[in-house]
Amino acid sequence: MGKHCGIYEWRGTKRNQPNRVVYLGSTCPQGSRYGAKLGSRIRRYCSNGNHIAELMDEALERGYELQMRFKQAKNQEDARKQEAKLLKKYNYAWNKTSNGGRSRSVLPK
C-alpha cells in the first residue's frame, strides 16, 4: 500500500464500547502536503502522534486501541476528492477541516 495514493481513517476501539471513527486524512507519494507513503504516515503517527499526538495519547491512556484503515485512490486529485467528500458527510472529531474544530468527547471514558 505504501506506493499508492489514498485516504485513511483512525478509529478508537474499546471493549464494551462502539467503535468510533475519529480522524480522516489522505496521502499520496507523488507530491505536496499529501507527499508521504502510507507506511511513513503511519510511522509518524505511531512514533510522535504527528499533529494529533495529544488526542492519541489521551485515547490510549483511557484504554482505547487505535486502528487505521486505508482506501486506495487513483491519484492525488482523487484522494483529495474522497477526503473532501467524507469530511462534508461526517463529523470526524479530531479533524479541524470542515468540522468546526476538534472534539475530545467522542471517546467515552
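Thirteen residues line the second largest pocket, and Ile7, Glu9, Arg69, Leu86 and Tyr92 lie nearest its centre. A pocket here is an open set of points on a 1 Å grid over the protein atoms alone, with protein on both sides within 12 Å along at least five of seven lines; lining residues have an atom within 4 Å of a point. The model is predicted: local features need pLDDT of at least 70 and side-chain atom pairs count only at pLDDT 80 or more, while totals for chains, interfaces and linings use all residues. Residues are numbered from 1 along each chain as its sequence is written, and side-chain values use heavy atoms, with hydrogens and water left out.

**Pocket**

- The second largest pocket has a volume of about 220 Å³, taken as the space filled by probe spheres set on the grid points, which are joined across faces, edges and corners.
- Strand 1, strand 3 and helix 3 are the elements that give two or more residues to the lining of this pocket.
- Seven residues of the lining are nonpolar, two are polar and four are charged. Asp, Glu, Lys and Arg count as charged; Ala, Val, Leu, Ile, Met, Phe, Trp, Tyr, Cys and Pro count as nonpolar; the others, Gly among them, count as polar.

**Chain overview**

- The chain has three helices and three strands, which follow the pattern β-β-α-α-β-α along the sequence. Both kinds of element are DSSP runs numbered from the N terminus: helices are H or I with at least four residues, strands E with at least two.
- Of the 109 residues in the chain, 40% are buried. Buried means under 20% relative accessible area, exposed over 50%, and partly exposed in between, with a 1.4 Å probe and protein chains only.
- Among contacts (heavy atoms within 4.5 Å) between residues at least 6 apart in sequence, 61% join residues at least 24 apart.

- Three strands form an open antiparallel sheet in the order 2-1-3. Strand 2 (20-27) and strand 3 (65-73) each have a single partner strand, so one side of each is left without a neighbour in the sheet.
- Neighbouring strands are turned by 20° against each other on average, direction ignored. Such angles are taken between lines fitted to C-alpha atoms, for helices over the stretch in contact, and run from 0 to 180 degrees between N-to-C directions.
- Strand 1 (residues 5-13) pairs with strand 3 over nine bridges, and Thr13 has Glu65 as its bridge partner in strand 3. Two strands pair if DSSP finds at least two bridges between them.
- Helix 1 (residues 38-48) packs on the sheet, touching strand 1, strand 2 and strand 3, and its direction makes about 30° with that of strand 1.
- Helix 3 (residues 76-89) also touches strand 1, strand 2 and strand 3, and its direction makes about 155° with that of strand 2.

**Strand 2 and the hairpin**

- Strand 1 and strand 2 pair over seven bridges, with Thr27 in strand 2 as the bridge partner of Gly6.
- These two strands form a hairpin with six residues between them.
- Asn16 lies in the loop between strand 1 and strand 2. Asn16 is not a glycine, yet has a positive phi of about 65°. Because its relative accessibility is 73%, Asn16 counts as exposed.
- Six of the eight residues of strand 2 are buried, so strand 2 is largely enclosed by the rest of the structure.

**Lys71**

- Lys71 is found in strand 3. Leaving aside neighbours within four places in sequence, Lys71 is in contact with Cys5, Gly6, Ile7 and Gln82.
- Lys71 and Gln82 are 11 residues apart along the chain, and their C-alpha atoms are separated by 9.3 Å.

Definitions and conventions. 1 Å grid on protein atoms, 1.4 Å probe; cavity = no way out; pocket = protein on both sides within 12 Å on 5 of 7 lines; lining within 4 Å.
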